[in-house]
Amino acid sequence: MPLTTLKDVLAAASQTRTAIPGFNIDNLEIPEAVMAAAERSKSPVILTIGQGAINAGQMLYLADVVRRLADQSSVPVVMHLDHGVSYEQVIQCLRAGFTSVMFDGSHLPFEENVKITREVAAAAHAVGVSVEAELGAIGGVEDNLIRDNRNLVDVREVERFISEVEVEALAVGIGNAHGIYKGLPQLDFDLLQRCQDLNPPPLVLHGGSGIPDDMIRRAIRIGIRKINVATELRNAFMHGLEEAVGKRDIYYMYRNAFDQAAALAEKKMRLFQCVDEPVHIA
């Protein structure tokens with residue numbers, strides 16, 4: 001089916017009280033593996049192109065791959081920009097056919113974040129594209145973006161932000177971090193509940209790799225409707241390559257990596273409870 005928007009799949013997730021996975025993709029095999037898992041699970045999926053892939057010059061190539069996979073798919077697929085760094089980059093993605101864009105102004109002063117996000121939303125909404133914003137800069141390392149902090153979102157800023165900017169999704173910092181956690185994640189669920197009590201747009205949890213299953217389920221119960229997974233998916237793919245390298249057969253290596261990435265993706269889809277639920281896109 002044609003690409004759909006983040007707004008549409010998150011509306012379905014809100015109705016079913018589930019979460020939609022956002023998987024970072026970096027090459028041809030990873031999105032193909034994710035889509036194989038999505039077809040088996042009957043799960044909508046968000047294929048996310050992040051700053052690592054963009055800096056490597058892969059944006060247009062991956063956009064073409066995602067569009068082709070969506071056209072062949074029986075489940076809803078969103079093409080999403082992850083952690084967009086500027087208004088200009090968002091415009092590039094709109095021209096490339098993205099159906100969802102994130103502008104990450106969480107590291108900026110609040111007023112500047114509001115200003116640029118509002119400009120991004122005006123441009124994206126004019127062409128029917130969804131927007132994700134972020135408050136409470138999320139720590140850790142992803143796509144060479146390093147933020148060494150445990151920044152918890154300010155609920156007062158959430159209240160102000162959603163009154164001033166119209167977005168379809170909002171990522172909040174509740175102690176989550178990119179990359180693999182050192183020790184047990186310290187997620188502030190009371191803070192998440194206070195954010196949810198404000199009746200915000202669907203909330204997003206970044207740094208989904210390595211969060212224990214019980215914490216994921218609790219976050220979904222409170223109101224998380226999109227969960228990003230990057231590091232675990234990449235690690236599964238790389239493990240598949242490393243495990244098969246002794247075969248000295250490139251096709252076997254890629255097939256093994258494909259299988260392990262697909263298995264990880266399907267495991268996350270089932271954890272997020274978004275499987276076997278028909279999603280009707282208007």
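Some questions and answers on this predicted model follow.

Biologist: Is His80 buried or exposed?

Modeller: His80 sits in strand β3, which spans residues 77-84. Buried means under 20% relative accessible area. His80 has 0%, so it counts as buried.

Biologist: Which side chain makes a polar contact with the side chain of His80?

Modeller: Start with what His80 touches, leaving out residues up to four places away in sequence: the list includes Phe98, Val101, Glu132 and Lys226. A polar contact needs a pair of N or O atoms within 3.5 Å. One side chain meets His80 in this way at 3.3 Å, and that partner is Glu132.

Biologist: Which element gives the most to the largest nonpolar core?

Modeller: The largest nonpolar core has 99 residues. Phe98, Val101 and Met269 have the most contacts inside this core. The top contributor gives nine residues, and it is α11.

Biologist: Which residues does Met269 touch, not counting those up to four places away in sequence?

Modeller: Contact here means heavy atoms within 4.5 Å. With that cut-off, Met269 touches Pro21, Phe23, Val34, Ala37, Ala38, Ser41, Ser43, Val45, Cys274 and Val275.

Biologist: Is Tyr254 buried, partly exposed or exposed?

Modeller: Tyr254 lies in helix α11, residues 250-271. Tyr254 has 33% relative accessibility, so it is partly exposed.

Biologist: How much accessible area does the nonpolar patch of Ile250, Tyr251 and Tyr254 have together?

Modeller: These three residues form a nonpolar patch on the surface. Taken together, their accessible area is about 370 Å².

Notes:
Residues are numbered from 1 along each chain as its sequence is written. This is a predicted model: local features need pLDDT of at least 70, side-chain atom pairs count only at pLDDT 80 or more; totals for chains, interfaces and linings use all residues. Side-chain values use heavy atoms; hydrogens and water are left out. Helices (H or I, at least four residues) and strands (E, at least two) are DSSP runs, numbered from the N terminus. Buried means under 20% relative accessible area, exposed over 50%, partly exposed in between (1.4 Å probe, protein chains only). A polar contact is a pair of N or O atoms within 3.5 Å; within protein, one must be able to donate a hydrogen and the other to accept it, and residues adjacent in sequence count only if both atoms are side-chain atoms. Patches are made of residues with over 30% relative accessible area and no salt bridge: like charges are joined within 9 Å, nonpolar side chains (Val, Leu, Ile, Met, Phe, Trp, Tyr) within 5 Å. Accessible areas come from the Shrake-Rupley method with a 1.4 Å probe; for residues, only the protein chains shown count as cover. A salt bridge is a side-chain nitrogen of Lys or Arg within 4 Å of a carboxyl oxygen of Asp or Glu. A nonpolar core is a set of buried Ala, Val, Leu, Ile, Met, Phe, Trp, Tyr and Cys residues joined through side-chain atoms within 4.5 Å.
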